[in-house]
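Reader: I am new to this structure and would like a friendly tour. Could you take me through it one question at a time?

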Amino acid sequence: MKHIFLISQNVSDDINFLVNKIHASCQTLGYDSYAITIVGCNEELLECAKKCSKGDYIVYAVGDDKEINVVLNGLINGEAKLGVIPVGYNNDFYRSLDEYRSDSLNVNVMSVNGKYGLNVFSLGIYADICANVEKFKNLPLPPKALYHLNSLYTFLKYRNQVMGVNDFFQKNTLLAVCNGSYYRGGCKITPRVFINSPSVGVTMVEDMTKLQTFFWLEVMEGICEETPKVDMFTTDEEIHIETMNLLNGQVDGEVITGNEFRVIPHAGNIEVVNNRRLIRELRK
């Protein structure tokens, strides 16, 4: 089976070092058939994934949740397997995947307005953080510093929004539909979901004050069922979300904007490879 590595230039400040590490790791592990493709943007990443989707390949998404999701949308409904090489700050899907000791897992795929996702779809404060990335990306700061600066900027400007889930409306700070358990760099947003199950978890954080938002989302580093103003449930049925205003939503870091969102919890499956030997070699 051929190993294909798809890399967007924005995943590393030293792309040549990353490519050389992949070459060295493949040679150490005895992979005779492999290829590395570097692209300039996520649109090119999607097109490359589509071209690889029909072959007997493991197509590795090298990056964080956003790059993984772009490659997923290119591979879905094809024959190729999705490999994950976690690089960067937000690798929440990989955290869920790595909880399973299997080298390969048949993973549930949800869809939001036709876009496929493996981990989390959300509306509210975190979706606005994803949408505001473009404002800060050219500043000469490390990625983690840019992330925290963006988070602070969004936190100060954000206003809670009225959202309806299957005709139940309330003002929310955050609404998340979760195929995976983690978001925001490792916070466990819902304890009840499994990435190989056709059900998703829905978490609604109701109308928190600024102080409550900071305390529960930053200091406590997560949301649980005992948190005040939090509702959680699981479902395998279609979810219809409406908003009073035009809002940013995000599917694993990819931003979609609208005031109506149709979520299908089980829109398909894909075989996902967790090549731990290769990841260990790359981390040496």
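The questions and answers below look at aromatic rings, pockets, strands and backbone angles in this predicted model.

Reader: Let us begin with the rings. How many aromatic pairs does the structure hold?

Author: Happy to start there! A pair of aromatic rings is described by the distance of the centres and the angle of the planes. In this structure, the number of aromatic pairs is four.

Reader: Is the pair of Tyr 126 and Tyr 183 stacked or edge-to-face?

Author: The centres of Tyr 126 and Tyr 183 are 5.6 Å apart, and the planes stand at 75°. Planes over 60 degrees apart count as edge-to-face, whereas stacked needs under 30. The pair of Tyr 126 and Tyr 183 is therefore edge-to-face.

Reader: How many residues apart in sequence are the parts that this pair ties together?

Author: Tyr 126 belongs to helix H5 (residues 125-131), and Tyr 183 belongs to strand E10 (residues 182-183). Both Tyr 126 and Tyr 183 are buried.

Reader: What about Phe 136 and Tyr 153: which kind of pair do they form?

Author: Phe 136 is in helix H6 (residues 133-136) and Tyr 153 is in helix H7 (residues 143-157), so this pair ties together parts 17 residues apart in sequence. The ring centres are 5.4 Å apart. With the planes at 70°, the pair of Phe 136 and Tyr 153 is edge-to-face.

Reader: Which residue lies over the face of Phe 155?

Author: Here a charge sits over a ring. At 5.2 Å from the ring centre of Phe 155, the residue over the face is Lys 210.

Reader: Which elements each supply at least two residues of the lining of the second largest pocket?

Author: The second largest pocket has a volume of about 250 Å³. Among the residues that line it are Ser 12, Phe 17, Pro 86 and Arg 283, and by class the lining has seven nonpolar, two polar and three charged residues. The elements that each supply at least two residues are helix H1 (15-28), strand E4 (81-86) and helix H9 (276-283).

Reader: Turning to strands, how many of the residues of E12 are buried?

Author: E12 (residues 200-206) pairs with strand E9 (residues 168-178) in the antiparallel sense over six bridges, and Val 177 stands opposite Val 202 in E12. E12 also joins strand E13 (residues 230-235) by six antiparallel bridges, with Gly 201 opposite Thr 234 in E13. E12 is largely enclosed by the rest of the structure, because its count of buried residues is six of the seven.

Reader: Which residue stands opposite Cys 178 in E9?

Author: Eight of the 11 residues of E9 are buried, so E9 is largely enclosed by the rest of the structure. Strand E7 (residues 120-124) pairs with E9 in the antiparallel sense over five bridges. The residue opposite Cys 178 is Val 120.

Reader: Which residue in the turn of the hairpin of E8 and E9 has a positive phi?

Author: E8 and E9 run antiparallel and are joined by five bridges. Their hairpin has two residues between the strands. In the turn, the residue with a positive phi of about 50° is Asn 166.

Reader: Last one: is Asp 167 buried or exposed?

Author: Most residues other than glycine have a negative phi, and most peptide bonds are trans. Asp 167 has a positive phi near 75°, and it lies in the loop between strand E8 (161-165) and E9. Its relative accessibility is 61%, so Asp 167 counts as exposed.

Key: Residues are numbered from 1 along each chain as its sequence is written. This is a predicted model: local features need pLDDT of at least 70, side-chain atom pairs count only at pLDDT 80 or more; totals for chains, interfaces and linings use all residues. Side-chain values use heavy atoms; hydrogens and water are left out. Rings of Phe, Tyr and Trp (its six-membered ring) pair if their centres lie within 6.5 Å; planes under 30 degrees apart count as stacked, over 60 as edge-to-face and the rest as tilted. Helices (H or I, at least four residues) and strands (E, at least two) are DSSP runs, numbered from the N terminus. Buried means under 20% relative accessible area, exposed over 50%, partly exposed in between (1.4 Å probe, protein chains only). A charge sits over a ring if NZ of Lys or CZ of Arg is within 6 Å of the ring centre and within 35 degrees of the ring normal. On a 1 Å grid over the protein atoms alone, a cavity is a set of points where a 1.4 Å probe fits but cannot get out, and a pocket is an open set with protein on both sides within 12 Å along at least five of seven lines; lining residues have an atom within 4 Å of a point. Grid points are joined across faces, edges and corners, and a volume is the space filled by probe spheres set on the points. Ala, Val, Leu, Ile, Met, Phe, Trp, Tyr, Cys and Pro count as nonpolar, Asp, Glu, Lys and Arg as charged, and the others, Gly among them, as polar. Two strands pair if DSSP finds at least two bridges between them.
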